[in-house]
Amino acid sequence: MTYANLSKFYINGEWVAPLGGTTMGVENPATEEIVAQVALGTVADADRAILAARAAFDGFTAWKAADRIALLEAILAEYNKRYEDFAVAMSTEMGAPMAWAREAQAWAGQVHLEATIKAAKEFHWEEMRGETLLVREGIGVCALITPWNWPMNQIACKVGPAIAAGCTMVLKPSEIAPLSGILFAEVCHAAGVPAGVFNLVNGTGPEVGARMSSHPEVDMVSFTGSTRAGTAVAAAAAPTVKRVAQELGGKSANIILPTADLAAAVKGGVEGCFGNTGQSCDAPTRMFVPAGRMDEALAVAKEAAEAVVVGDPKDAAVTMGPLVSKLQFDKVQALIQKGIDEGATLVTGGVGRPVGVNRGWFVRPTVFGHVTNDMTIAREEIFGPVLSVIGYDTVDDAVAMANDTVYGLAAYVQGPTPEAVAVARRLRAGQISLNYPAWDTFAPFGGYKQSGNGREYADWGIHDFCEVKAIVGHGA
């Protein structure tokens with residue numbers, strides 16, 4: 001497919017030329033070929049978009065909730081018309097196998113828009129508490145900064161609730177995977193989003209992202225990305241006391257209880273860890289198994305990992321594509337080597353590309369056994385298909401090690417439900433999944449500790465984009 005607006009930004013309801021002349025190549029990570037050139041914005045471009053959003057805010061936030069919901073329904077309808085285009089774009093820009101691009105990546109944008117619409121229809125925009133009227137209204141102009149690993153998931157999780165709440169916004173997608181973001185701006189235009197309500201500027205974090213985070217006319221920053229970048233966003237936002245919502249890194253534990261079906265639990269854990277080529281902040285990358293059953297668990301993990309088919313995303317038989325970039329490839333390679341150097345048992349995989357692959361940022365699905373919780377591969381977020389299997393003596397030990405991390409985004413527990421729930425209550429993470437349930441787009445998503453603050457999905461996301469006004473004496 002071709003892209004009509006790669007050299008432009010969407011500002012104040014129009015596709016406009018950038019004020020600077022810098023471009024950046026978009027690489028297909030499966031081939032290492034540059035497939036497009038996109039314009040990179042400047043501080044001046046960010047300012048222009050922010051001021052357009054500010055000018056549009058008063059008019060848009062006065063819309064009735066029903067009208068904002070109708071606008072979201074129009075966006076969803078246009079999104080559905082372009083569904084295959086989104087899948088192709090994300091397969092191209094991040095190397096997702098086409099089935100995954102359709103059934104996970106493009107699907108995520110669709111279902112989050114659907115969930116936001118349903119939640120907005122049921123949302124309590126106003127309520128009485130005694131003699132006081134509580135009013136929830138849009139916080140203002142929002143800077144939305146989204147990552148490359150789940151492009152439409154994160155765009156839909158921010159744009160949808162922001163519009164529902166009556167906010168105006170500027171979106172900066174990741175410059176590594178900007179194609180789907182440009183398509184989303186086209187969707188918003190086709191849906192009739194009023195001028196200035198939604199704006200898009202491509203650019204780098206240190207330039208455009210930093211300006212969006214610090215601009216005095218921005219009321220809120222919603223950021224998804226690394227903890228390192230998240231702290232920079234928070235520091236830039238602090239002088240103007242903006243609200244900052246962050247969904248950051250993770251090193252999620254997966255506790256397989258002694259009473260679990262070990263083979264099924266280990267196989268499911270490998271598949272969960274390796275989904276999206278391991279490039280998910282909530283991936284279950286630390287698997288805790290009873291120490292006495294380590295060898296049994298590793299045998300299952302090895303078989304599951306070696307069943308993964310790595311290769312060309314256009315091949316229907318392929319289940320894992322490449323990492324997104326050379327930078328990511330080099331980081332993952334270094335951490336795999338670190339695991340070897342620190343004495344973890346390499347069960348399968350290892351450094352280098354898979355056998356027979358000589359181009360593209362493909363990695364070998366890797367499992368380490370006999371990992372200790374102080375090893376680098378158990379501490380750092382790898383963001384690749386690398387699983388660390390850690391033995392435990394008692395469930396208390398497993399819980400203690402699971403919580404012994406600076407992160408707290410997600411965790412997983414496998415075993416009979418009553419036991420799993422008891423363990424889940426002790427884990428310090430924002431979302432705990434028991435026995436690999438289906439994705440729940442109405443469950444709050446966000447983290448404890450250095451995994452961020454705030455919550456996304458459905459009504460939880462809408463709350464984050466609202467201020468609460470108390471009109472005292474209203475009922476007197």
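Me: A pocket here is an open set of points on a 1 Å grid, with protein on both sides within 12 Å along at least five of seven lines. On that basis, what volume does the second largest pocket have?
Reply: The model is predicted. In it, the second largest pocket has a volume of about 830 Å³.

Me: Which residues lie nearest its centre?
Reply: G272, D282, Y412, P437 and W439 lie nearest the centre of the second largest pocket, out of 34 residues that line it. Helix 4 (98–122), helix 5 (151–165), helix 9 (262–274), strand 18 (410–414) and strand 19 (431–434) are the elements that each give two or more residues to this lining.

Me: Which element gives the most to that lining?
Reply: Helix 4 does, with four residues. By class, the lining of the second largest pocket divides into 18 nonpolar, eleven polar and five charged residues.

Me: And the largest pocket, what is its volume?
Reply: The volume of the largest pocket is about 1,100 Å³. It is lined by 38 residues, and W148, G225, S226, R228 and A229 are the closest to its centre. Two or more lining residues come from each of helix 7 (205–214), strand 10 (220–224), helix 8 (227–237) and helix 11 (326–341).

Me: Where does the largest share of that lining come from?
Reply: Helix 8 supplies the largest share, six residues. The lining of the largest pocket has 17 nonpolar, 13 polar and eight charged residues.

Me: Changing topic to strand 6: why is it described as largely enclosed?
Reply: Strand 6 (residues 132–138) has six of its seven residues buried, so it is largely enclosed by the rest of the structure.

Me: Which strands does it pair with?
Reply: Strand 6 pairs with strand 5 (residues 126–129) in the antiparallel sense over four bridges. Strand 6 is also joined to strand 22 (residues 466–471), again antiparallel, by six bridges. At residue level, M128 has L133 as its bridge partner, and L134 has A470.

Me: How many residues sit between strands 5 and 6 in the hairpin?
Reply: Two residues separate them, and G130 in the turn has a positive phi of about 65°. E131 is found in the loop between strand 5 and strand 6.

Me: Which one links strand 6 to strand 22?
Reply: The side chains of E137 and K469 form a salt bridge with an N to O distance of 3.2 Å. This pair links distant parts of the chain, with E137 in strand 6 and K469 in strand 22, 332 residues apart. E137 counts as partly exposed at 30% relative accessibility, and K469 is partly exposed at 37%.

Me: What does E33 form a salt bridge with?
Reply: E33 forms one with R359, their closest N and O atoms being 3.5 Å apart. E33 belongs to strand 4 (residues 33–39), while R359 lies in the loop between strand 14 (345–350) and strand 15 (364–371), 326 residues apart.

Me: Which residues are linked in a network?
Reply: R54, E217 and D219 are linked in a network of salt bridges.

Technical notes:
Residues numbered from 1 in each chain as written. Predicted model: local features only at pLDDT ≥ 70, side-chain atom pairs only at ≥ 80, totals over all residues. Heavy atoms only, no water. 1 Å grid on protein atoms, 1.4 Å probe; cavity = no way out; pocket = protein on both sides within 12 Å on 5 of 7 lines; lining within 4 Å. Points joined across faces, edges and corners; volume = space filled by probe spheres on them. Nonpolar A, V, L, I, M, F, W, Y, C, P; charged D, E, K, R; others polar. Buried < 20%, exposed > 50% of the residue type's maximum accessible area, 1.4 Å probe, protein only. Pairing = 2+ DSSP bridges. Salt bridge = Lys/Arg side-chain N within 4 Å of Asp/Glu carboxyl O.
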